Structure formats: structure tokens, C-alpha cells
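Colleague: Please take a close look at the aromatic side chains. What sits on them, what do they pair with, and what packs around them?

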Amino acid sequence: MDTEKLFAARLRAARARPYLATALFAMHVVESSRVPTMAVDRQWRCYVSPAFVDRTPEEELASVWVHEVSHLLRDHARRGDLAMRALDLDGPGDRLRINLAADCEINDDAFGDGLVEPAGAIYPKTLHLEDGQLMEDYLRQFSLGTRYQHLVWLECGSGADGLEREWEFGPDGPDGGHGLSDQERDLVRFRVAQGILGNPGRAPAGWRRWAEEAFHPPQPWRQLLGAAIRSTLAAAGAGEDYSHGRPARRSSSLPGIVLPSLRRRPPRVTVVVDTSGSVSDSELGTALLETAAILHAAGGRRESVSVLSCDAAARAVRQAADGSGWALIGGGGTDLRTGFATALKRRPAPDVIVALTDGQTPWPSTPPPCRTVIGLFPRRFPRTRWNMEGDPDDVPDGPPDWAKVVTLG
Amino acid sequence: MTSSASASPQLALADQLLALLRESATEPRQDLQIEALTLAVAADLPVLLWGEPGIGKTAALTQLAAELDLPLTTVIASVHEPSDFSGLPVIGDDPAVQGVPLAPPDWAVRLVRQGRGLLFLDELSTAPPAVQAALLRLVLERRIGSLQLPPGVRIVAAANPRASAADGWELSPPLANRFVHLDWVHDAQVVVRGLGGVWPRAELPRLDPERLSAAVEFARRAVCGLLTVRPELTHRLPSAEARRGKAWPSPRSWEMTMRLLAFGSAAGSSREVLSLLVRGTVGDGPGLELLAAMDRMDLPDPESLLAAPAAAVLPARGDLRQAVLDGVVAAVRSRPTLERWDSAWALMARALESCPPDVLVVPVSTLASLRQDDWEVPELINRFASAMRISRRAERSAALTSAGAGRR
């Protein structure tokens with residue numbers, strides 16, 4: 001095998017993508033004529049076909065190195081297993097789909113900037129899909145018809161799709177511990193992620209997102225919102241206090257003494273909804289339905305929950321009790337401060353405020369005298385309307401730290 | 001329980017069948033999660049197992065208790081009231097003189113009387129916050145009402161992840177900080193073996209008496225070394241909603257980490273097991289930083305390598321080998337003498353024997369640039385011709401790529 005060419009390509013790849021260098025050098029090379037091109041296994045061995053090295057230009061080889069190491073860093077083997085289980089898939093055809101979807105996730109922003117596009121690489125556009133998505137998203141959007149028959153030779157190994165091949169060495173390979181253990185793989189991934197986060201200017205957006213989520217994958221927002229609201233409702237002080245209204249449980253052991261008992265009334269919750277133009281109706285609808293379901297499940301009674309639409313002015317306060325659904329009025333700019341003020345002015349005062357907003361608003365400068373959960377619709381860019389109205393550099397502050405914040409969607 | 005003689009013959013047969021079904025053996029088996037659990041129990045730290053319902057947490061605990069020969073006491077936290085853990089007030093003859101003692105529940109009394117045991121607090125995450133607050137005292141101070149749990153009692157708890165606990169509360173950060181969190185997942189092979197009658201055996205880690213003080217020294221060096229460089233990791237409350245209820249770094253959890261490292265090191269546990277434990281005590285991010293720092297601690301010291309290049313043992317993995325050689329070059333740069341420079345070349349030559357040449361390009365070219373005018377180029381520099389050729393090739397193809405990009 002022309003190892004000089006192969007390793008010159010790896011060096012070239014490490015120079016073009018310095019933040020991947022640790023991972024590139026951590027791979028162990030195994031010469032193999034059983035693979036059509038280059039393939040990786042779960043233990044970070046890289047199987048290379050000598051014929052492929054001979055016929056491929058060196059600058060393309062560099063790109064293939066980056067491609068293969070991306071499969072490993074992005075943990076496609078494990079994610080492939082999870083996707084197979086989640087979508088109830090089975091068999092080599094589906095593993096090939098996982099490989100294709102994984103390739104799309106990598107290739108849509110891997111090349112350029114010093115790396116050529118290798119011939120025959122799969123892009124989302126090859127499958128008529130949009131760029132910038134994750135493997136799991138791509139996987140749902142195409143099936144293997146005869147249209148893609150020309151792709152079946154594709155073979156990136158178990159490191160790309162989770163299916164072990166007979167020519168792979170496996171966990172305890174004959175090469176005496178050149179494979180990486182779970183812990184070592186995590187550490188290499190962690191180093192690469194730290195490198196990207198420490199110097200985010202150098203890496204493209206796809207890698208930055210990967211680095212941010214590598215060890216803290218985003219959780220489903222429904223569970224997070226549910227947990228946040230539940231723990232707020234359950235916290236001491238929300239609708240819970242000592243009262244002499246009923247005898248305490250301990251009274252029987254203390255005859256002649258009147259002890260207060262700990263009583264609980266359903267906490268009063270006000271949901272403040274940002275109905276400004278920047279929040280879409282479908283987003284709001286889902287979030288509101290979800291909130292209602294959580295409050296219901298957490299034991300909040302309908303009459304103790306009210307909803308407030310809020311744009312620049314806080315409007316119609318509705319009890320959740322009318323059952324006809326919550327009509328929301330609004331549009332235009334947001335000032336959640338009015339929403340909070342209106343909610344707090346009500347009597348009896350709420351124990352908990354749940355605010356659903358995209359966060360493009362000024363926040364109250366002092367914490368309200370009750371617990372607060374903020375459901376935040378993610379926005380990648382500062383809203384244009386905000387920029388037009390004021391100073392273009394005036395990006396609104398993030399949500400305040402006295403609230404529990406859950407990012408929705 | 002034995003079937004009484006008066007039971008009907010059919011019931012007696014049923015009992016017999018049940019007894020046969022219960023018969024099972026154990027076998028030693030490499031199982032990381034059991035090893036981690038046993039090590040934490042040996043180190044006398046409270047463990048919290050996170051796992052879906054029905055995954056065999058209770059079965060694992062029963063096995064562990066049997067193996068350690070400790071009586072198992074199971075308490076379902078979610079069906080208890082706070083006073084069951086803090087004790088119920090009982091009035092004596094003269095409260096003004098004797099005060100009002102807080103009576104502990106019967107299982108606590110039994111535990112104390114036995115003097116040893118495994119206390120299993122099940123369904124912790126579905127216990128309401130007030131119960132969790134009462135459990136704080138039990139877990140931290142080992143007190144139930146007026147009873148003090150004897151040192152022979154170990155505490156293990158279990159919780160369902162939020163995804164599967166429909167009415168689950170979130171574990172409060174103070175309580176979460178007192179546990180070693182272990183994710184409990186089932187291994188299909190173990191389950192099949194177990195249903196077939198053979199369960200994996202948890203063995204107490206064998207501490208090597210020779211290594212005790214070295215283990216303590218190692219654990220202290222690892223944790224203090226990291227916290228010296230990264231003091232902000234000393235205490236960091238979980239802020240992101242997704243991380244609440246899990247492990248987070250604080251002086252308390254760092255002390256627990258240190259204890260686990262010392263035990264793991266004295267028992268010769270693998271890095272995999274230590275990784276589970278460390279990440280489960282201070283959280284993923286700080287845990288990984290500690291493990292990465294420990295990796296660096298394991299790397300050979302540049303000065304001793306320079307002192308005896310012929311005997312050098314270099315790590316096999318490319319990235320680690322590069323890190324070691326970079327360290328050697330940095331050491332030569334900080335105190336450049338001809339002797340050290342030559343010795344570094346010998347090291348490079350040794351490294352080249354067993355690794356791809358691209359790994360060496362950076363350290364070799366930096367080392368070459370350190371040459372002073374009166375130093376003679378060592379003969380073995382010719383061996384690096386291929387590394388230098390590779391470097392030039394990579395530069396040339398980079399130039400081609402950028403020229404190509406310019407044309408497009």
C-alpha cells in the first residue's frame with residue numbers, strides 16, 4: 001500500500017481541520033482488501049483498501065479521512081442502533097439507509113475551505129433533500145428505491161451504521177489493543193469538542209452544534225417543561241402552608257395541644273403567552289396545549305389556571321374554565337413586563353407564572369414574588385423587527401436567571 | 001418460608017415448583033456497571049441507580065446483598081411520609097423533662113439491631129419533595145429519627161428517569177449531589193443467562209494492601225491537579241434544565257470522587273469503571289475533564305524519557321504519542337543543550353519504528369528548528385526523510401486544492 005500517500009493525506013486533513021487532528025491521529029490504520037474504499041469500525045480502526053489509495057488523488061483522500069473520522073466523532077454507530085430501534089427497522093437495507101443518511105449529515109458542510117469534494121460522495125441533494133439536518137431527520141425522508149441502486153456499493157463500516165462486518169476485528173481484535181475502548185472514544189470526542197468550543201471561529205456551524213450537544217444531547221422539551229412546571233408547583237410555598245383549619249396528623253400523640261397541619265390548595269397558575277408577530281400560531285398552539293395538559297396532570301384545577309395574551313400590551317385574561325379553548329389576541333411587538341405586571345395585579349395573586357415566549361422582549365428587572373417558568377421558543381437570529389425599531393446592535397438580553405427556563409422545540 | 005404440612009397437596013406441589021424456579025447460581029462475569037456499583041458500595045458512598053422500571057435493579061441489588069452477605073432492607077420511598085424518615089413524635093411521661101423523642105420505623109430499628117445491611121431506597125424520584133428533604137438527612141447524616149445507622153449499613157437508591165416516571169418529581173440538587181449516579185441498562189445476554197438460572201456475580205473489589213498509600217496519593221494528585229487549573233469546576237450548580245436532578249460538581253462530590261479514585265486505584269479497576277463512577281459523581285463535563293487530565297498524568301514524563309531514550313515506552317495511540325513527543329520538544333526548548341537535543345532525536349527515531357510517520361511531522365520539524373549553529377546534525381536524521389516527504393506532499397496537495405478552489 002502506498003502508505004506515504006495515505007499518511008500525507010491524513011496530515012493534509014489535519015492541517016485543513018486542525019480541530020479534528022486529535023481524532024484523526026487516534027485512528028488506527030488497518031490495510032484491508034475486503035473494503036471497497038475506506039471504512040471505520042466502532043473501535044476507531046480505519047480499514048483502507050490499497051487499490052483505493054492507488055487510484056484516488058491525494059487531495060480527495062484527505063477529504064475521505066475527514067469524512068470517516070466524522071462518522072466516529074458523531075457517533076453514528078450508536079445513533080444508528082437507536083434509530084433502528086426507534087423506527088423499527090431491520091436488515092442490511094436499512095443499515096445502508098443509515099449509512100446514506102449519516103453521509104448526508106457529514107457531507108453537507110464537511111468540504112470546501114481547503115478540502116475538495118471527493119468523487120462519488122453522497123450529499124443531501126443526491127437524495128433530493130435539504131442541507132443542514134441530522135442523520136435521524138434524513139433517515140425518515142427517503143427510501144431505497146431502484147433510483148438509488150447505484151449507491152449500494154457504499155460501505156463505511158460499522159463505525160458508520162452500527163452493523164458489524166465479518167472483516168472487522170471486533171472489540172478484542174487480533175491487533176492487540178489498537179482498538180479504542182468506550183472510555184477512550186469518549187475522551188477523544190470530548191477533547192475535539194472542547195477544542196471546537198474553545199475556538200469556535202474556526203469550525204463550521206455543523207461542528208459547533210455537534211460540540212455543544214456531544215455530551216449533553218438535547219432532551220425532549222415536553223418532558224423538561226413538565227418537570228419544570230411540576231417541580232415549581234410542588235415547591236414549598238406554592239399553595240402550601242400550615243393552617244389550623246384541620247387537626248394535624250400528630251394530634252393524637254399530643255392530646256391537649258392544637259398543632260397546625262400542613263394544608264395544600266391547588267396552586268394558582270397564570271400562563272402568560274407571547275402573541276407577538278414573531279411567534280407562529282402552530283408553535284403557540286403546541287406549547288399551550290402541552291402546558292394545559294401538564295397543569296391538568298399535575299393536579300391543577302381548571303379554575304385555578306388562567307391565561308393572559310401579551311404583546312406590547314397585556315390583554316384579555318381568561319379563565320381556563322370556559323373550556324372553549326383559549327383564543328389569543330395579538331400581533332406586533334412584545335413587552336412581557338406588562339404581561340408580568342398584569343398577572344401579578346390580579347387577586348388572588350398567582351403562585352406560579354408560566355411564560356411562553358420567543359424571548360425577544362425586555363424582562364422585568366426584579367424577580368416577581370412568585371415562582372416563574374419560562375418556555376422559550378428558540379430563535380437563531382435576533383428578530384429583524386427588533387433590529388429595525390432600535391439600535392441594530394441592541395440584541396435583547398437572555399431570559400433572567402431567577403426563572404426556570406426550558407427551550408421548546 | 002416452608003409450606004406447612006396442613007396445606008393441600010396441590011399447593012405443596014406448587015410450592016415445590018416455585019422453589020425449583022427460584023434456584024439459581026451465579027458466575028463471575030466482567031460487568032462494568034456491577035463493578036462500579038460494588039466499588040462505590042465498598043467505598044461506603046450512597047449510590048443512585050437510574051433505570052427504566054422492570055430492568056432488574058432490584059434483582060441486581062438482591063444479588064449484591066447476597067454476595068456481600070448483607071441483609072437487604074427495601075424501602076419504597078414514594079409511599080412513605082416525611083415523618084417515616086425523620087421519626088414520629090412520641091410523648092413520654094413528662095415532655096418538659098424528657099422532651100419528645102422521634103420514634104423511628106420498625107425497619108430502621110431492625111437495621112440498627114443487625115448492625116449491618118444494605119438499605120435499598122426504591123422509587124426515589126417519585127417521592128414528593130418533602131419526603132426527599134427528609135431523605136437528605138438519612139442519606140447524608142445516616143440518621144432516622146433518633147437512631148444513628150451503624151457504619152456497617154450501605155445505602156443504595158433507585159430512580160426512574162424522568163421520561164418514564166409520568167408523575168415524577170425532579171430530584172433536588174442537594175439530594176442529587178450526595179449520590180454516585182449510575183445509569184442502569186440491561187444487557188440482553190445477562191438477562192438471558194439469568195433467566196436460564198445463572199446470574200452474574202458481584203465480587204467485592206480486592207484492595208491491594210501494598211497500594212493503599214500510593215492510591216491515596218494518586219487520587220489527591222488527580223483531583224487537586226485538575227481543580228488547581230480549573231478552579232471554576234469546584235462548585236457549579238446545574239443551570240441547564242436538562243441537567244437538573246443529576247450529578248454536579250461541588251466540594252462534596254469532588255471528595256466523593258477522590259475516594260472512588262483511591263478505591264479504584266487500590267483495587268486495580270479499569271478506566272472504564274472509573275469513568276462510570278467519576279462521571280456519575282461530578283457530572284459528564286467535569287468528569288471527562290478529570291479523566292482527560294488523568295490520561296495526561298499517565299503519559300511518560302518528558303524529562304525521564306530524555307534521560308533514557310533507549311528504554312522509552314511510548315503510548316501506541318497516535319494522538320497520545322504526538323502529545324508525548326510535543327512535550328519532549330517543549331522540554332528541550334526550555335533548556336536546550338546538545339545532549340538533550342540528540343537524546344530527543346533518538347526518541348523520535350524510536351517512535352518512528354512503531355507509528356505512521358505523519359504523527360511525527362510536527363514534533364520533528366519543531367525539533368529541527370531548535371538546532372543551534374554549532375550543533376552537528378545527527379546521522380539518524382535521514383530516517384525522517386519519509387516524514388519530511390509526507391509533510392512536503394501534504395503542503396503541495398494543499399496548494400493544489402487552494403489553486404483549484406481559486407479557479408472555480
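Modeller: **Charges over rings**

B:Lys246 lies over the face of B:Trp50, at 4.9 Å from the ring centre. The criterion is NZ of Lys or CZ of Arg within 6 Å of the ring centre and within 35 degrees of the ring normal.

Some ground rules. This is a predicted model: local features need pLDDT of at least 70 and side-chain atom pairs pLDDT 80 or more, while totals for chains, interfaces and linings use all residues. Residues are numbered from 1 along each chain as its sequence is written, chains are lettered from A and ligands numbered from 1 in the order in which they are written, and side-chain values use heavy atoms, without hydrogens or water.

**Ring pairs**

Over all chains there are eight aromatic pairs. In one of them, the rings of A:Trp207 and A:Trp210 have centres 5.3 Å apart and planes at 90 degrees, so the pair is edge-to-face. Rings of Phe, Tyr and Trp (its six-membered ring) pair if their centres lie within 6.5 Å; planes under 30 degrees apart are stacked, over 60 edge-to-face, and the rest tilted.

Both partners sit in helix 10 (residues 205-213) of chain A, three residues apart, which means about one helical turn between A:Trp207 and A:Trp210. Helices (H or I, at least four residues) and strands (E, at least two) are DSSP runs, numbered from the N terminus. An α-helix has 3.6 residues a turn, so residues three or four places apart point the same way. A:Trp207 is buried, at 3% relative accessibility. A:Trp210 is buried too, at 11%. Buried means under 20% relative accessible area, exposed over 50%, and partly exposed in between, with a 1.4 Å probe and protein chains only.

Chain B has a tilted pair: B:Trp341 and B:Trp375, at 5.2 Å centre to centre and 40 degrees between the planes. B:Trp341 belongs to helix 16 (residues 338-352) of chain B, and B:Trp375 to the loop between helix 17 (361-369) and helix 18 (385-407), so the pair ties together parts that are 34 residues apart in sequence. Relative accessibility is 1% for B:Trp341, which is buried. B:Trp375 is buried as well, with a relative accessible area of 6%. Ring pairs extend this into a cluster of B:Trp341, B:Trp345, B:Trp375 and B:Phe384.

**Nonpolar cores**

Now the packing. The largest nonpolar core has 78 residues. A:Leu20, A:Met27, A:Trp44, A:Trp65 and B:Leu367 have the most contacts inside it. A core is a set of buried Ala, Val, Leu, Ile, Met, Phe, Trp, Tyr and Cys residues joined through side-chain atoms within 4.5 Å. Apart from that core lies another, of 29 residues, including B:Leu37, B:Ile55, B:Phe120 and B:Val273. In soluble globular proteins, nonpolar side chains tend to be buried together.

Take A:Trp65. Leaving out residues up to four places away in sequence, A:Trp65 touches, among others, A:Leu6, A:Ala9, A:Arg10, A:Met27 and A:Cys46. Contact means heavy atoms within 4.5 Å.

Chain A comes to 14 helices and 11 strands. Of its 409 residues, 53% count as buried. Among contacts in chain A with a separation of 6 or more, 67% join residues 24 or more positions apart. Helix 6 (residues 92-107) of chain A has 16 residues, and 14 of them are buried, so this helix is largely enclosed by the rest of the structure.

**Two backbone spots in chain B**

B:Arg142 has a positive phi, near 55 degrees, in a residue other than glycine. B:Arg142 lies in the loop between helix 7 (129-141) and strand 7 (143-144) of chain B. Its relative accessible area is 16%, so B:Arg142 is buried. With residues up to four places away left out, the contacts of B:Arg142 include B:Asp44, B:Leu147 and B:Pro150.

B:Asp44 also has a positive phi, near 60 degrees. B:Asp44 sits in the loop between helix 2 (32-42) and strand 2 (47-50) of chain B. At 27% relative accessibility, B:Asp44 is partly exposed.

Conventions
Expected span 1.5 Å × (residues − 1).
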